[in-house]
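Please view the sequence and structure below before reading on.

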Amino acid sequence: MAAKQKLSAADIDALVNARHPEPRSLLGYHEVARKGEQPACLVRALVPDAAAVDVCWDDGAAPVALKRIHAAGLFEGRVPF
């Protein structure tokens, strides 16, 4: 299954309410194909009660702040390819 660049409202609801049948298909690191371009590198994390989530992708690289996309602690963002 290819990674989704944008989550649907149903996907978000299922993730934050622990009902998604395959949460790893949406959470974590995914390369999202883009026509005529390098893939987008997307990271999603579900961290309940977190105020913020940063990911460090390469040793020595600056952390990348993920954007909160749901109040229940669902975050996502792009990391360098």
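## Strand S5 and its partners

Valine 43 stands opposite glycine 77 in strand S5. The strand that pairs with S5 through 5 bridges is S2 (residues 37–46), and the two run antiparallel. Two strands are said to pair if DSSP finds at least two bridges between them. Strands (E, at least two residues) and helices (H or I, at least four) are DSSP runs, numbered from the N terminus.

S5 also pairs with strand S4 (residues 64–70), in the antiparallel sense, over 3 bridges. Here arginine 68 stands opposite phenylalanine 75. S4 and S5 form a hairpin with 3 residues between them, and glycine 73 in the turn has a positive phi of about 105 degrees. Of the 5 residues of S5 (residues 74–78), 4 are buried, so the strand is largely enclosed by the rest of the structure.

## Basis of the model

The model is predicted: local features need pLDDT of at least 70, side-chain atom pairs count only at pLDDT 80 or more, and totals for chains, interfaces and linings use all residues. Residues are numbered from 1 along each chain as its sequence is written, and side-chain values use heavy atoms, with hydrogens and water left out.

## The loop between H1 and S1

Serine 25 lies in the loop between helix H1 (9–16) and strand S1 (28–34). Serine 25 counts as buried because its relative accessibility is 18%; buried means under 20% relative accessible area, exposed over 50%, and partly exposed in between (1.4 Å probe, protein chains only). Its side chain reaches the backbone oxygen of glutamate 22 at 2.6 Å.

Proline 21 is found in that loop too, and is exposed, with a relative accessible area of 72%.

Conventions: Polar contact = N/O pair within 3.5 Å; in protein donor to acceptor, adjacent residues only side chain to side chain.
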